[in-house]
Amino acid sequence: MKCFWVKAMCGIEKLLENNQLWAETKCQSDPDFFKRLANQQHPEYLWIGCSDSRVPANDIVGLEPGELFVHRNIANAVQSTDFNCLSVLQYAVEVLKVKHIIVCGHYGCGGVQASMGNDEHGLVDNWLRQIKNIYVAHRAELDALSENQGFNRLCELNVMAQVDNLAKTKVVQHAWERGQELQIHGWIYAVGNGQIQNLNVSVSSIYDVDPAYRLNPTSRQARPTVASTNE
Ligand code: CO
């Protein structure tokens, strides 16, 4: 048991050593790197991706610290009841004024796979219910494919659904209403070869949103309480 704990500590301490080395290397190549970062961040992109350890956001798109605002959760979902994701979204759009939001899923996503089956996995089953709904909505298409093709296709359909979910939010629609430049993109990453594919489902205006989900600006002004962008 003692050996186990010593080994575990060494494993953790290795990360701190790695950090020292990384910081020193950064300073050597660019002495003002951390001074600049400490003052302000100006990322142009918000990344919404899966928590999967094989999909490290900055690394796979070649961006440095300060260049990508990141939110990750299981199966890169955007849910209208998730204050975490919505808070990240609001800060990114209204304060940082990112120009692009990228939803990046990945093939072989365990969350998507779990949503296709009937096994219980715990709390996460509630989180994945929305993805199961996507599976059910496209069951005819998916069941006509082989198991693996259907799985990959659902990974893509999930990304497309999350792009739609973003476009339905008040944060995004208010930004478009203000005339703010904001595009939402859907990408998918292949863990097996490291390449990202653009699913070509980008949206950039209210006219890309199904009319049923377009918020009516005049209704907001008519309300008796003071309007806020995140109520
Ligand atoms: Co995943």
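**Figure 1. Contacts across the chain of the predicted model.** Let's start with how the chain meets itself: of the contacts between residues at least 6 apart in sequence, 63% join residues at least 24 apart. The model behind these views is predicted. Its secondary structure comes to 10 helices and 5 strands. The protein has 231 residues, and 35% of them are buried.

**Figure 2. Close-up of helix 6 packing with helix 8.** Helix 6 covers residues 124–137, and helix 8 covers residues 147–167. Their axes are 10 Å apart and meet at an angle of about 115 degrees; angles of 65 to 115 degrees count as roughly perpendicular, so that is how helix 6 and helix 8 are described. The crossing of helix 6 and helix 8 is right-handed.

**Figure 3. Residues in the contact of helix 6 with helix 8.** From helix 6, look for Gln-130, Ile-131, Ile-134 and Tyr-135. Helix 8 brings Leu-154, Leu-157, Asn-158, Ala-161, Gln-162 and Asn-165 to the contact. Sorted by type, the residues of this contact are 6 nonpolar and 4 polar, with no charged ones.

Terms used. Residues are numbered from 1 along each chain as its sequence is written. This is a predicted model: local features need pLDDT of at least 70, side-chain atom pairs count only at pLDDT 80 or more; totals for chains, interfaces and linings use all residues. Side-chain values use heavy atoms; hydrogens and water are left out. Axes are lines fitted to C-alpha atoms, for helices over the stretch in contact, and angles run from 0 to 180 degrees between N-to-C directions. Helices (H or I, at least four residues) and strands (E, at least two) are DSSP runs, numbered from the N terminus. Angles under 35 degrees count as roughly parallel, over 145 as roughly antiparallel, 65 to 115 as roughly perpendicular and the rest as oblique. A crossing is left-handed if the near helix is turned anticlockwise from the far one by less than a right angle, and right-handed if clockwise. Contact means heavy atoms within 4.5 Å. Ala, Val, Leu, Ile, Met, Phe, Trp, Tyr, Cys and Pro count as nonpolar, Asp, Glu, Lys and Arg as charged, and the others, Gly among them, as polar. Buried means under 20% relative accessible area, exposed over 50%, partly exposed in between (1.4 Å probe, protein chains only).
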